[in-house]
Amino acid sequence: MHDIRIALRTLAVRPGFTLVALVTLALGIGANAAIFSVVDAALLRPLPFADPDRLVMPREFSDEVQRRTGFDRLPSSPGDVTDFITRSTSFEQLASLRAERVNLTGGGDPERVGAVRVSRNFLTTLGVQPVHGRDFAESDTATPRVILIGHGLWQRRYGGATDILGHSISINGEPAVIVGVLPAWFRFPSGGELPTGLGYAPMPEIWSLDKLTPEQQRFRGGKSFALVGRLRPDKSRQAAEAELAAIAADIARESPASNAGWTVRVIPLRDQLVGGVRTALIVLLTAVGLVLLIACSNVANLLLVRAASRQREVAVRYALGAERWQILKQQLIESLLLSLVAGAIGMLVGWWALQGLLVMLPPGTPAVSDAVLDWRVVAFTAAVSIATGLMFGLVPAVQTARVDLADSLRDGARGSIGTRRAHRTRNVLVVVEVGLAGMLLVLASLLIQTFVRLLNVDTGFQAEGVLTMEVSLPRTVYQGQRPAEFFEGLVTRLSAVPGVQTVAAASS
């Protein structure tokens with residue numbers, strides 16, 4: 001405590017130096033805390049499912065389709081899904097899911113919400129239980145549509161009412177019964193976690209039991225079904241992939257028109273959820289790490305200059321009987337105290353930076369919405385702060401402890417600016433700073449060039465002034481020619497709106 005009090009007094013004597021050092025370090029440490037919170041949520045923190053390492057997502061693959069579309073993984077047809085589930089032995093559970101968007105009415109204003117149709121064992125496969133109500137049951141296959149709703153929808157639309165269970169609402173004009181409410185953290189699969197263009201909502205809010213007819217179970221077209229499976233403890237991902245690939249080869253021989261050239265790849269669930277952002281996060285963490293190294297070099301240079309001005313003070317302490325290790329310890333305590341205070345301020349900077357990231361990034365970006373400054377980030381920040389204090393404080397501390405007692409006590413030593421060794425050290429630090437800054441500038445220029453090129457890509461159409469909207473008609477009301485009549489009338493009416501030049505409609 002005595003050394004800490006001395007360090008506090010020493011830093012307080014030079015408030016300008018202390019303020020500059022704190023701001024420099026806090027910005028570097030705060031940026032690292034914010035980015036690490038995202039990296040931790042995406043790449044390090046265990047997935048919130050039971051035994052997540054055994055969860056995989058089998059996806060179909062075709063060389064020809066990849067050459068034409070660029071997709072290296074695609075969903076399956078209902079016929080393929082049926083065969084994979086019934087014929088495979090490598091999985092404890094293998095569940096199917098497909099995306100949809102529904103019109104929700106009843107209990108409030110009409111809403112267009114994201115939804116997922118899933119097989120009955122979907123939650124069992126993931127090891128998730130509803131927080132209210134129950135999971136899908138065998139008996140649900142013979143009843144009208146049953147659904148599970150997300151926690152957010154339950155709170156927003158139904159006020160968290162516990163009597164919502166068994167309540168009937170309208171989905172696309174058809175009755176649906178709510179049998180359970182899922183945990184607040186659960187939103188699998190969100191749009192950012194699966195390949196784009198497959199229709200998954202950024203944040204799905206309804207999960208309904210998928211009931212396939214015998215005709216659908218034999219249909220090999222319409223690849224819109226994803227699979228998620230839980231491996232048996234004695235089966236590896238490679239073994240499961242080989243088994244599914246053999247099943248896919250059998251299907252291709254039986255149905256060459258639809259399945260020739262298709263095989264199966266089994267992807268770990270984490271790779272599927274965050275694989276698209278892994279490289280970007282690592283690059284970003286590396287960049288902010290370089291920023292922190294530059295900050296350390298800056299503060300180390302400041303401490304070296306300050307050490308040169310303290311040579312007479314240190315020489316007097318030596319003359320009074322102080323040991324070199326005591327001088328070295330005192331300097332390191334000052335550096336560590338400076339870095340820990342900067343780390344505390346950096347946590348506030350990191351919180352503000354994280355809120356900015358959450359606002360700027362699009363909804364559904366994998367794992368970003370789960371990023372928080374929890375104890376793991378605090379521990380990381382504390383470790384970074386200690387390492388930073390040692391990094392920028394060790395060399396100046398050694399330089400301070402190495403003084404020539406006779407020269408330093410002379411009258412002229414008060415104006416000394418340091419030894420030749422100190423000059424060399426400062427020059428090395430400047431070179432390191434310039435090198436790191438140059439690397440960051442190169443990375444930044446490459447990113448800016450990429451961004452500019454993306455902005456200038458010729459999309460083949462003029463997007464300026466073009467508005468789009470999605471209209472989904474309930475099949476219970478609009479059948480036969482009625483959908484075509486509705487859209488013809490809609491186009492006519494919109495064309496008459498002032499300011500509208502042309503109107504067009506398209507359907508998939």
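A search of the whole structure, which is a predicted model, finds ten aromatic pairs. Two of these pairs are set out below, each with its geometry.

| Aromatic pair | Centre to centre | Angle between planes | Arrangement |
|---|---|---|---|
| W185 and F186 | 5.7 Å | 75° | edge-to-face |
| F486 and F487 | 5.3 Å | 85° | edge-to-face |

**The largest pocket**

The largest pocket has a volume of about 1,800 Å³. Its lining consists of 43 residues, and those nearest the centre of the pocket are M469, E470, V471, S472 and A506. Two or more lining residues come from each of the strands β2 (91–105) and β3 (111–118) and from helix α16 (482–495). By residue class, the lining comprises 21 nonpolar, twelve polar and ten charged residues.

V113 belongs to strand β3. V113 counts as buried because its relative accessible area of 3% falls under the 20% cut-off. Twelve residues separate V113 from R101 in sequence, yet their C-alpha atoms are 5.7 Å apart in space. Beyond its neighbours within four places in sequence, V113 is in contact with E100, R101, V102, L104, E205 and I206.

D40 is part of helix α2 (residues 15–44). The side of burial is again clear from the value: D40 is buried, at 1% relative accessibility. When residues up to four places away in sequence are set aside, D40 touches R45, D374 and R376.

**Helix α8**

Helix α8 covers residues 237–254, 18 residues in total. At 1.5 Å a residue, the helix should span 26 Å, and the distance of 26 Å between its end C-alpha atoms agrees with this expectation. The buried residues of α8 are A240, E243, L244, I247, A248, I251 and A252. An α-helix has 3.6 residues a turn, so residues three or four places apart point the same way. The cover over the buried residues of α8 includes the strands β1 (55–62), β2, β9 (226–231) and β10 (262–268), together with the helices α4 (78–87) and α9 (256–259).

Methods:
Residues numbered from 1 in each chain as written. Predicted model: local features only at pLDDT ≥ 70, side-chain atom pairs only at ≥ 80, totals over all residues. Heavy atoms only, no water. 1 Å grid on protein atoms, 1.4 Å probe; cavity = no way out; pocket = protein on both sides within 12 Å on 5 of 7 lines; lining within 4 Å. Points joined across faces, edges and corners; volume = space filled by probe spheres on them. Helix = DSSP H or I, 4+ residues; strand = E, 2+ residues; numbered from the N terminus. Nonpolar A, V, L, I, M, F, W, Y, C, P; charged D, E, K, R; others polar. Buried < 20%, exposed > 50% of the residue type's maximum accessible area, 1.4 Å probe, protein only. Contact = heavy atoms within 4.5 Å. Expected span 1.5 Å × (residues − 1). Phe/Tyr/Trp six-rings, centres within 6.5 Å; stacked < 30°, edge-to-face > 60°.
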